[in-house]
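The report that follows describes selected local features of one protein chain, taken one topic at a time. Please keep the sequence and the model at hand while reading.

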Amino acid sequence: MDLQTAINIPWKRLLRLALERGGSYADLFFEQTIYHDITLRDGQVNTAGTHTDSGLGIRVLTGDQTGYAFTESVAARDMERAAHTAAFIADSSNPAPQSIRLQTIKTKNLYPVTDHWNDISPERKIPFLQEMNDLVFGADKRVKKVIARLSDTTTFIRFYNSEGTGFTDLRPMASLSVSCIMEAGGKTETASCSRSFRMGGEFLQHSLIEELAAEVVARTAFQFSAVQPKGGEMPVVMAAGGSGILLHEAIGHAFEADFIRKSISIFSGRLGTRVCAPGINIIDDGTIPFNRGSINIDDEGTPGQKTYMVTDGILTSFLHDRISAVQFGVPATGNGRRESFRFMPLPRMRATYMENGPSTEESLIASIKKGLYVDTFSNGQVQIGAGDFTFYVKSGYLIEKGKLTRPVKDVNIIGNGPAALADIKGVANNFIMDNGTWTCGKEQSCPVSCGMPTVLVGSLTVGGRA
């Protein structure tokens, strides 16, 4: 499917077919994505690929019933079969005539592209990966292996629904990652880092290569001196930036309104109540220019927006898609997202972060007699109903008598989302957005980002050596 094909698709007929068995609402999600990736390993580029994925997803709603079908073909008979299938699944046996007039939604473009990926050859990309390789090897004699990968996608979306709303969106994405392996004294250590933005070829900057090379070398070298700390209950200072994964996993998922609608979330029934100390603001934002999690418009036709989930310590909004917004009688918040045309939209986060507070990182650390400072995370998980979470920490420091002392690694942080949120003792004024290749998996994958200033949590369980 290409742009011209999508324009010529008989969308009104498909919507009428989708509603032929009495659905109250239907939408069409046309998508085409062009992928490129190129990988350097052992000093040379040895993997490169490109492919195109395209198709149509059709959704029909009847009360709480959802019918969804997709096709990878835009042949008329295949699209019509998908419309019939979605209609059958959402059957209400009470058809009503539909008159559809199109009103196109126009939004501000948060990710304009001047240098399109489809016009950039592999020969132009390879020198950046080679520069990365050379910088990492040149920075430390212990480096034994470097793997650098550049990937990009360009996604064209065309959307129509039975309410007459339509939009198009061109969504770029660029990601660069590097892994480093070092050997010394019989030990092998590895680390990696990445950056990702909704950008075209403007993403390829020498300054970015230099930044990533320095970061991955420092992270890997750190591992040689770090040890696993003794476990137990203790205060934890979470560094600015990637610690925002705490907000995403332990709190953000529990604010997604499908979990609220089904009374699964630990925060069900708590809207308007205090969930943390005054002065704390937690946001899910789809409007940050070029951010990995940003969207001009979500996959249901709601413009991207900035949503305060927690305002001055009070839970003020959940994250809504169309279905939950109708049930709660509130506007959708622009969080209806999907992995591709093969999936129906769900409430999903975008860029989730906490605003600055009044403290400094130094004062938060100085207030701790014995605790832990953590700064690099690799993953996390949460039980939505109970709110219990676990995070794997790659690196940090012990805090002893108000100072950072011994470097630590391979630590599990265990806690409960609502309890940890309520136990935040201090928020610094050094906010950082982590622009790594964060991807959220919730039945399907979506690009996201996270960030926060340095935060002190009064007590968490640290899983280390006995």
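Which residues does Thr-437 touch, not counting residues up to four places away in sequence? The model in which this is examined is a predicted one.

## The surroundings of Thr-437

Thr-437 touches Ser-175, Ser-194, Arg-195, Ser-196 and Arg-292, when residues up to four places away in sequence are not counted. One of these, Ser-175, is 262 residues from Thr-437 in sequence, yet the C-alpha atoms of Thr-437 and Ser-175 are 6.7 Å apart in space.

Thr-437 itself is placed in the loop between strand E19 (432-434) and strand E20 (439-441). With a relative accessible area of 34%, Thr-437 is partly exposed, because that class covers values between the 20% limit for buried and the 50% limit for exposed residues.

## Aromatic pairs

Ten aromatic pairs are counted in the model. Among them is the pair of Phe-377 and Phe-391, an edge-to-face arrangement in which the ring centres are 6.1 Å apart and the planes make an angle of 85°.

Elsewhere, ring pairs join Trp-11, Phe-30 and Tyr-160 into a cluster.

## Arginines over ring faces

Two arginines are found over aromatic faces: Arg-322 lies over the face of Tyr-25, at 3.8 Å from the ring centre, and Arg-338 lies over the face of Phe-29, at 3.9 Å from the ring centre.

## Packing of helices H2 and H3

Helix H2 (residues 11-18) packs against helix H3 (residues 76-89) at an angle of about 30°, and the two axes are 7 Å apart. An angle under 35 degrees counts as roughly parallel, and H2 is therefore roughly parallel to H3. The crossing of these helices, H2 and H3, is right-handed.

On the H2 side, the contact is made by Arg-13, Leu-14, Leu-17 and Ala-18. The residues that H3 contributes to this contact are Met-79, Glu-80, Ala-83, His-84 and Ala-87.

Technical notes: Residues numbered from 1 in each chain as written. Predicted model: local features only at pLDDT ≥ 70, side-chain atom pairs only at ≥ 80, totals over all residues. Heavy atoms only, no water. Phe/Tyr/Trp six-rings, centres within 6.5 Å; stacked < 30°, edge-to-face > 60°. Lys NZ or Arg CZ within 6 Å of the ring centre and 35° of its normal. Axes fitted to C-alpha atoms, helices over the stretch in contact; angles between N-to-C directions. Helix = DSSP H or I, 4+ residues; strand = E, 2+ residues; numbered from the N terminus. Parallel < 35°, antiparallel > 145°, perpendicular 65-115°, else oblique. Left-handed = near helix turned anticlockwise from the far one by under 90°. Contact = heavy atoms within 4.5 Å. Buried < 20%, exposed > 50% of the residue type's maximum accessible area, 1.4 Å probe, protein only.
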